[in-house]
Amino acid sequence: PRERWTYAELNAATDRIARALADARVGVDDVVAITGHRSAALVRALLGTMKSGAAFLVLDPSYPAARLAEYARIARPAAHIHLSAAGDLPGEVAAVLAETLRTTLVLHPRSEEPADAMDSAGDPLNVEVGPDTLAYLSFTSGTTGTPKAVMGRHSSLTHFTPWLASEFGLSASDRFSLLSGLAHDPLHRDVFTPLQLGASVVAPEPDETGTPGYLARWMREAGVTVAHLTPAMGQVLADASEGERIDSLRRAFFVGDVLRRADVQRLAALAPNLRVVNYYGSTETQRAVSYHVVDPQAEQKEIIPLGRGIPGVQLLVRNARGEIAGIGEVGEIWMRSPHLAAGYLGDEALSANRFITNPWTGEAGDRLYRTGDLGRYRPDGEVEPMGRADQQVQVRGFRVELGEVESALTSHPALREAVLVVREMEGGDRRLVAYWVPSDEGAEGPDAAALRAHLRALLPEYMVPSAYVRLDRLPLTANGKVDRRALPDPEAPSRALLVEPRTATERMIAEIWTEVLGVERVGVEDDFFVLGGHSLKATQVLARISRSLDVELPLRVLFETPTVAGLAGAVEAAVAGALTELEGLSDEEVAALLAEMEEGA
């Protein structure tokens, strides 16, 4: 159910949460795990935790239980705030949390909260926090197979808001969309920036965000004016909203992956009042980023530049000698800012490797963060991206360490070795491809579906490869390292076994697949994910089916039946169900329904 909260009500409700945590001796230097979804209750949980002086860690219920349990083992939370609408915790996660918890709070939708839940809890807590106090933990993919916990500090959560509001005209009248991933730091921009401005935070219905066309309709109806998006989310928004307009949307800040001029132009057609800003940063840089204001018509290259640092932030490109690179010289990008994260929890060696004291000043508070990204200066002083210097990649706005996926893959007992690569697809999309060697020489080993299921139990969906290639042995260089350039391209499904579409529905779905996946032909038994599909492309497929047949299917349908034949069956069943529903209506009810549809049109 939709909820509306005033600042006074939110203040009282979050004071009560802070007081409850304090009564359980939870405060500064403690971690509070929050399990929930995008909602008003999530905002309450975040703000209540901050008021207590504790740091928050958001556990996304869509992640595998094994992954969440690992987060809990590393973070050792002192308290847990559970949003009731998110459902029960998996037993594995609950067991790990129970080892360290001092208290558990349950937050309900407003309609289910006790009558006094919005009453004042008395005087606010007098908690002292400084710029270096731990504010949150946010996990990223790790090279060793274990996720890394980035220790976020308080300093950057407020420092850049005045400049941001002045530079881009943000104010209390704006309405910010709550769309960012729960487990990642862009969520902070969705929540804390509007709260500092006195603006509104608007959350979508949690079960509807994957429904094709929903986001554009919701943004328009909710009057969203400011959105933080990944390039992949922007693509889905523009694709699922063909022919629609979001006149209210006037600012879109992109972060997390390469932004392309064509994607900006498509979004600008959807929102004619839009001004687009490309951010560059990472979890470790907190909200210290570089920025480039995009002019869709003036951009000369397809890839949008990373820009230059916001006030107090420098983007430094360093060559192999550690010196500042010249114009056009490719080097590694380092971020200089007093507002970088504190480092990685429990990993001093990695922290020392990635966060260093500025070698040009030697001052302890003057730090650089080594991003691992390659870039080069343009003549105007801005930086443009040039790929990665290591095995870390960005996939649909998420950071993925290939080594972590390889480690999870080789935990399958039938695999001896595995290596991952990223294949660049047409249109700039990236596809994770896994190459593996069976434990028993000559054995066929598990099929792609079994390996995919194995990884989905351990990793978030965005880290699961779309293609799996069995090899007798991995190719090696003269130095004995895996020769990634010698790995073969994944084979397309055998065309000799291709079963042509047999019905009009199957033909239409096959045509949509060829367009979305960029393949020449699709058989009715081909697997969507083997052909390179993923969740965002699945949303695009369902959006096009909805526009063609006026049938809306939930995203899970394509995961449960990932073939043309299976999806066609789901479409025909939905159509049949709608007809059956109409047959049960009286003539008066049909007439009223038609009148309502005409009025909506």
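Predicted model: local features only at pLDDT ≥ 70, side-chain atom pairs only at ≥ 80, totals over all residues.
Local features need pLDDT of at least 70, side-chain atom pairs count only at pLDDT 80 or more, and totals for chains, interfaces and linings use all residues. Residues are numbered from 1 along each chain as its sequence is written, and side-chain values use heavy atoms, without hydrogens or water.

**Salt bridges.** The whole structure holds 21 salt bridges (a side-chain nitrogen of Lys or Arg within 4 Å of a carboxyl oxygen of Asp or Glu). Among them are these pairs:

| Pair | N to O distance |
|---|---|
| Glu404 and Arg67 | 2.3 Å |
| Asp472 and Arg470 | 3.0 Å |
| Glu323 and Arg321 | 3.1 Å |

Glu404 sits in helix H12 (residues 402-410) and Arg67 in helix H3 (residues 65-75), 337 residues apart. Helices are DSSP runs of H or I, at least four residues; strands are runs of E, at least two. Both Glu404 and Arg67 are buried (under 20% relative accessible area; exposed is over 50%, partly exposed in between, with a 1.4 Å probe and protein chains only). Asp472 is exposed at 52%; Arg470 is partly exposed at 26%. Glu323 is partly exposed at 41%, and Arg321 is exposed at 61%. Lys301, Arg376 and Glu384 form a salt-bridge network.

**Loop residue.** Ser282 lies between strands E11 (275-280) and E12 (290-294). Its relative accessibility is 17%, so Ser282 counts as buried. Beyond neighbours within four places in sequence, Ser282 contacts Asp185, Tyr369 and Arg399 (heavy atoms within 4.5 Å).

**Helix pair.** Helices H9 (residues 231-239) and H15 (residues 535-549) pack at about 5 degrees, axes 9 Å apart. Axes are lines fitted to C-alpha atoms over the stretch in contact, and angles run from 0 to 180 degrees between N-to-C directions.
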